[in-house]
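This briefing covers charged contacts, aromatic pairs and a surface patch in the structure shown below. Please keep the sequence at hand while reading.

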Protein chains: 2
Amino acid sequence: VTVPRVAAVVGLGLIGGSLARDLAARGVRVLGADRDAAAVRAAMEAGVVAAALGPGLEGVEEADTVVLAVPVSAASALLASAAPRLRGARLVTDAGSTKRGILAAATGAGLGDRFVGGHPLAGDHRAGWDASRAGLFAGARVFLCPAPEAGDRARGLARALWTAVGGVVEEMEADAHDAGLAWRSHLPQAASTALAGALAAAGVPRSALGPGGRDATRLAGSSPEVWSAILMENADHVGDALRHFERWTRALRTALDARDAAAVERMLDAARRWSAE
Amino acid sequence: VTVPRVAAVVGLGLIGGSLARDLAARGVRVLGADRDAAAVRAAMEAGVVAAALGPGLEGVEEADTVVLAVPVSAASALLASAAPRLRGARLVTDAGSTKRGILAAATGAGLGDRFVGGHPLAGDHRAGWDASRAGLFAGARVFLCPAPEAGDRARGLARALWTAVGGVVEEMEADAHDAGLAWRSHLPQAASTALAGALAAAGVPRSALGPGGRDATRLAGSSPEVWSAILMENADHVGDALRHFERWTRALRTALDARDAAAVERMLDAARRWSAE
């Protein structure tokens, strides 16, 4: 597969930092930017980032591929403000967990012909350059959502980029992506947050939980900034998923209130069968 | 610390099997029983169980300590049916996640003077003899709830038993235990079950989840038999905890419906602060 000659990675956190590591290891010249100057310094000292971009992405014109790896709302704002500098790139992509907003922003900025949104299903509750590592995307599914105006060249480059770092790519429509992710990713995040919030309000510290409870609340440690942007952008689909989840929670509680052992066991059974599939 | 000379372990699953391994390793003669004959055979072949008890616990009279490591409802029934054979034991204990029911059963069976309920905070979603292992209780907190009539000798033996296998024991009242566990253990189990149930109903397979989502639903793979008994026995306290959790979930969803970014971030923040404590 073709790798970029020069790639700019904006945001050197878990996702951007890991991608920068993998690209540099494949001989790509990587330009880097991060609002945290220490992250850029660390990435340069590690030999991953060859040169730093300016605060307004000055220098990004050298890159044939530009990857935005910042929270989804920041990525949309960046496309609008830096559009003039991005018109020479052959591919502009991102790594956000929602895709409708960023595609609309790319089209609005006149970059739709070269924009293919990306979403690697990698990463966890950790964040920042220090959490980044080589090989993060090996075997990971990567959803690609091309802007409606995106050409074959940009689509091919996006596939090549993520395939080069080990991703298994799959193209889909942005709305189908966001609806699916609301269930498979955003609902578990919201449920874990609500569980942690309820425990915090009740004065139960995390240290009081067993290993299972710590697993159930692990996602609650995720970045509030990253996740409020995701949940807000996907509020319609996440709201639907949460309404279904609320019905399930209420049904279980109602069965307990009624001391209906058969109903309780039926629900535990359904959950276990799903777990074992 | 004093270990029993002869201990009977009824139920050779994750908890009972692990306790039997640790006791046998400390020179205790272990008598074993399990409704699954293969588990008893495996425990004897492993040199852990020296002799099998009969289906009505025939032979248990030889044991000075009897540990019931079966689901909480089964443990209560067993105390009633096997009481005549247990009157010679110096300590009868259990390992269930709820304590009010078993203490009432012990008192009802006339065994209160020698009954000290136990609850090791160990174990996870796995189950059965094959999941048992030496050292499971090393460093684990173990709650002890003596029956009101329990004498100092039984209390001392219970502390010695769990301390011998590495547990850190703590005595408490049964109602305080059950109220606390509703939050720290039973609520996470119920939330994980509801999340898995909602995903199952929506047709989202577990394989579609990322690592965080798989963590959040891990407890849903627990034994329905074990957990329906726990949730039913503690239905009042678990119902209260679930009602608080429902309010938190609804508040998050309502903030999303209203596109209230500040409220969403505030909730994510509260959950993260709790996680980092």
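Arg218(B) is partly exposed, because its relative accessible area is 26%, and that class lies between buried (under 20%) and exposed (over 50%), taken with a 1.4 Å probe and protein chains only. Its salt-bridge partner is Asp215(B), with the closest N and O atoms 2.8 Å apart. The model is predicted: local features need pLDDT of at least 70, side-chain atom pairs count only at pLDDT 80 or more, and totals for chains, interfaces and linings use all residues. Residues are numbered from 1 along each chain as its sequence is written, chains are lettered from A and ligands numbered from 1 in the order in which they are written, and side-chain values use heavy atoms, with hydrogens and water left out.

**Salt bridges**

- A salt bridge here is a side-chain nitrogen of Lys or Arg within 4 Å of a carboxyl oxygen of Asp or Glu, and the count over all chains is 36.
- Asp215(B), the partner of Arg218(B), counts as buried because its relative accessibility is 12%.
- Salt bridges with shared partners link Asp240(A), Arg243(A), Glu246(A), Arg253(B) and Asp257(B) into one network.
- In chain A, Asp113(A) and Arg114(A) form a salt bridge at 2.8 Å, N to O.
- Arg114(A) is buried at 18% relative accessibility, whereas Asp113(A) is partly exposed at 35%.
- Another salt bridge connects Asp257(A) with Arg243(B), where the closest N and O atoms are 3.0 Å apart.
- This pair joins two chains, because Asp257(A) lies in helix α9 of chain A and Arg243(B) in helix α9 of chain B; helices are DSSP runs (H or I, at least four residues) and strands are E runs of at least two, numbered from the N terminus.
- Both partners are partly exposed, Asp257(A) at 33% relative accessibility and Arg243(B) at 28%.

**Aromatic pairs**

- A pair of aromatic rings is described by the distance of the centres and the angle of the planes.
- Rings of Phe, Tyr and Trp (its six-membered ring) pair if their centres lie within 6.5 Å; planes under 30 degrees apart are stacked, over 60 edge-to-face and the rest tilted.
- Three aromatic pairs are counted over all chains.
- Phe245(A) and Phe245(B) are edge-to-face, because their ring centres are 5.9 Å apart and their planes stand at 80°.
- The pair joins two chains, since Phe245(A) is in helix α9 of chain A and Phe245(B) in helix α9 of chain B.
- Phe245(A) and Phe245(B) are both buried.
- Phe137(B) and Trp162(B) also form an edge-to-face pair, with centres 5.4 Å apart and planes at 80°.
- Phe137(B) sits in the loop between β6 (116-120) and β7 (141-146) of chain B and Trp162(B) in helix α5 (residues 152-164) of that chain, so the pair ties together parts 25 residues apart in sequence.
- Phe137(B) and Trp162(B) are buried as well.

**Positive patch**

- Arg247(A), Arg250(A), Arg247(B) and Arg250(B) make up a patch of positive charge on the surface.
- Patch residues have over 30% relative accessible area and no salt bridge; like charges are joined within 9 Å, and nonpolar side chains (Val, Leu, Ile, Met, Phe, Trp, Tyr) within 5 Å.
- Helix α9 (235-257) of chain A and α9 (235-257) of chain B each supply at least two residues of the patch.
- Arg247(A), in helix α9 of chain A, is partly exposed at 45% relative accessibility.

Note on methods:
Areas by Shrake-Rupley, 256 points an atom, 1.4 Å probe, with all protein chains shown as cover. Lys, Arg positive; Asp, Glu negative; His and termini not counted. Charge placed at Lys NZ, Arg CZ, Asp CG, Glu CD.
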